[in-house]
Amino acid sequence: MVLQKTMKATLLLTLCLGVAACGSRRSAENSIGPLGPDQAITTNRESAPTNYEKSSIWDVFGGGNNEQTGNVNRYLWAASLDVLSFLPVQSVDPFTGVIVTGYGTPPGGGRSYRATVHIKDPALEARSLNVALQSRGGPVSAGTTRAVEDAILSRARQLRIADDKL
């Protein structure tokens, strides 16, 4: 009888400690971790989220926000698809701004290329666009990549000007 009560108390205490360990409240000392405040390990600060929302188990049952928005410039997106229309699109992710194409030959050209386009910022600027071109023989010259980037930026500016006239 005493053994049974001891087992029940131990099981209840273990259950309570297990549930308490799942909580999100941490002291400032424990949230820093073993490295200290200036030595935190991050792989990519630009992609790390900066706004955290508190959530609980009850959020699963509520109606969530089904609308997702991305920070991709629509003119750069449309211009990238327009300029690289001779390449077959393999995958697109409008939320991260990545377009991956397969190999294709440009009109009037004899060499086949594939491209990966990353639109990093909602601004219509050159720093927002990153294009990686590759041929079957390996990476292409920086001049060719820059020419494609310039063509995409020029087309994006044309689309924006045409949009302003409406």
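In the predicted model, helix α4 (residues 142-165) comprises 24 residues and extends 35 Å from its first C-alpha to its last, close to the 34 Å expected at 1.5 Å a residue, the expected span being 1.5 Å times one less than the number of residues. Local features were taken only at pLDDT of at least 70 and side-chain atom pairs only at pLDDT 80 or more, whereas totals for chains, interfaces and linings use all residues. Residues are numbered from 1 along each chain as its sequence is written, and side-chain values rest on heavy atoms, with hydrogens and water left out. Helices (H or I, at least four residues) and strands (E, at least two) are DSSP runs numbered from the N terminus.

Within α4, Thr145, Val148, Glu149, Ile152, Leu153 and Ala156 are buried (under 20% relative accessible area, 1.4 Å probe, protein chains only), and their cover includes α3 (74-83) and β4 (129-135).

Strand β2 is joined to the antiparallel β3 (residues 113-119) by three bridges, and Val100 has Thr116 of β3 as its bridge partner.

Thr101, in strand β2 (residues 98-101), is buried, with a relative accessible area of 3%. Its contacts (heavy atoms within 4.5 Å), not counting residues up to four places away in sequence, are Leu87, Pro88, Val89, Gln90, Arg114 and Ala115.

Definitions and conventions
Buried < 20%, exposed > 50% of the residue type's maximum accessible area, 1.4 Å probe, protein only. Pairing = 2+ DSSP bridges.
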